[in-house]
Amino acid sequence: MESSDWELVRRCKEGDRQAFRELVERYQRKTVAIALGMLHDREDALEVSQEAFAKVFTNIQQFKEEASFYTWLYRIVVNLAIDRQRQKSRQPLLDDDQGNGESGGVDATPAAMNSDPYEQVKDKELGDRIRMAIAELTPAHKAVILLREVEGLSYEEISEILQCSRGTVMSRLHYARKRLQSLLRHDL
Amino acid sequence: MNTCPRSERVVALFHDDELDSPLRREVASHVAGCVVCTRTLAAFERVQELVAQAVSEQLEESDFSNFWEGVASRIDQQAPPSWRLWLQLWRERLRPAWMPGTPVWVATTAALLVTTVLVFHPPAKDSPLPLPDPAPTVLAANDQAQIESLSSTATVFLWNEQEGNATVIWVGDDYEGDRP
């Protein structure tokens with residue numbers, strides 16, 4: 001039987017690394033999905049997620065049991081992703097791989113695409129347009145749309161992660177959707 | 001252009017499953033018969049589908065084979081010293097309920113140590129208070145001395161001699177010792 005998050009957290013507090021490994025394996029795809037949506041770069045997303053898990057383990061003793069583990073974890077991921085994005089925006093671009101489909105973040109998955117070459121190109125173009133549209137959002141709007149549309153979290157959970165009111169979540173979600181609808185109007 | 005009195009935000013709440021049951025049923029029934037709200041809901045669903053698809057495509061390409069190893073190596077890099085882990089473990093898990101918290105415990109231990117030292121090594125009753133041992137060398141005897149410049153490494157000492165009712169100011173530019 002699968003242990004609950006609480007049980008694993010309790011064991012982590014006693015220094016059990018195997019329990020922490022179970023938590024990592026349980027949430028690694030979800031954290032990388034959030035970081036990918038925020039950063040649009042696979043390497044950065046993997047690094048940010050690993051850093052978030054390491055922070056969680058180092059500070060596990062401070063984790064209070066009235067909160068849920070994954071909201072705490074997601075909060076750390078979102079904050080680290082925002083920090084990473086700020087750092088990157090300060091760095092000058094050294095290579096010309098933006099927008100040509102060669103960077104780690106924007107090439108589509110052959111396995112997930114249609115077998116028809118024409119459809120493949122169309123799928124890839126659509127994927128690129130969506131990612132570019134998401135990239136146009138502010139970090140706060142990106143976070144709220146990803147937590148809602150990708151992770152399927154409730155407004156309450158999102159407000160806990162982003163440490164803002166439920167009203168702010170609703171407002172940011174509304175704005176982010178309107179912006180995406182406007183940017184992707186030809187695909188809707 | 002078609003409009004609907006029902007707010008788009010209510011449709012968003014319906015789409016996000018954030019309405020309670022009676023209102024949810026009412027909005028569902030309204031959306032079913034309203035072209036504008038049906039279109040709004042379809043747009044929300046399409047945005048959700050596209051965002052999820054875009055992230056999922058990138059996720060499929062991500063390599064998780066060494067993910068745990070990366071986490072473990074980061075943990076080792078930022079691990080606190082082992083004494084702090086033991087202290088945390090003591091505080092969180094091992095300390096019995098009747099035992100006071102760390103500050104009280106540390107203060108009690110410190111007090112016991114001081115008492116022990118005082119009992120076994122009491123200070124001599126006639127020992128004078130520690131004062132600068134040697135009398136300082138007076139470099140300027142007159143009272144008109146003036147410091148024209150002082151480097152950042154210079155040391156200034158003020159020595160008050162009670163018997164002679166005199167105060168000596170000592171300026172050392174290349175001083176390296178602890179006291180005059």
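Let's start with one side chain, A:Met38. Leaving aside residues up to four places away in sequence, A:Met38 touches A:Val78, A:Ala81, A:Ile82, A:Gln85, A:Pro139, A:Lys142, A:Ala143 and A:Leu146. Keep in mind that this is a predicted model.

Now the core. The largest nonpolar core has 81 residues. Which of them touch the most other members? A:Met38 is one, along with A:Phe20, A:Phe69 and A:Leu162. Helix H2(A) gives the most to this core: 12 residues.

Next, helix packing. Two packed helices are described by the angle between their axes and the distance between the axes. Take H2 of chain A, residues 17-39, and H6 of chain A, residues 139-149. Their angle is about 145°, and the axes are 9 Å apart. The crossing of H2(A) and H6(A) is right-handed.

Who makes that contact? From H2(A), we have A:Ile34, A:Gly37 and A:Met38. They meet A:Pro139, A:Lys142, A:Ala143, A:Leu146 and A:Leu147 in H6(A). By class, the residues of this contact split into six nonpolar, one polar and one charged.

Last stop, chain B. Look at B:Glu18. This residue lies in the loop between helix H1 (8-15) and helix H2 (21-33) of chain B. Is B:Glu18 buried or exposed? Its relative accessible area is 18%, and the cut-off is under 20%, so B:Glu18 counts as buried. What does B:Glu18 touch, not counting residues up to four places away in sequence? In chain A, the partners are A:Ser154, A:Tyr155 and A:Arg166. In chain B, there is B:Leu13.

That's the tour. Thanks.

How values were computed: Residues are numbered from 1 along each chain as its sequence is written. Chains are lettered from A and ligands numbered from 1 in the order in which they are written. This is a predicted model: local features need pLDDT of at least 70, side-chain atom pairs count only at pLDDT 80 or more; totals for chains, interfaces and linings use all residues. Side-chain values use heavy atoms; hydrogens and water are left out. Axes are lines fitted to C-alpha atoms, for helices over the stretch in contact, and angles run from 0 to 180 degrees between N-to-C directions. Helices (H or I, at least four residues) and strands (E, at least two) are DSSP runs, numbered from the N terminus. A crossing is left-handed if the near helix is turned anticlockwise from the far one by less than a right angle, and right-handed if clockwise. Contact means heavy atoms within 4.5 Å. Ala, Val, Leu, Ile, Met, Phe, Trp, Tyr, Cys and Pro count as nonpolar, Asp, Glu, Lys and Arg as charged, and the others, Gly among them, as polar. Buried means under 20% relative accessible area, exposed over 50%, partly exposed in between (1.4 Å probe, protein chains only). A nonpolar core is a set of buried Ala, Val, Leu, Ile, Met, Phe, Trp, Tyr and Cys residues joined through side-chain atoms within 4.5 Å.
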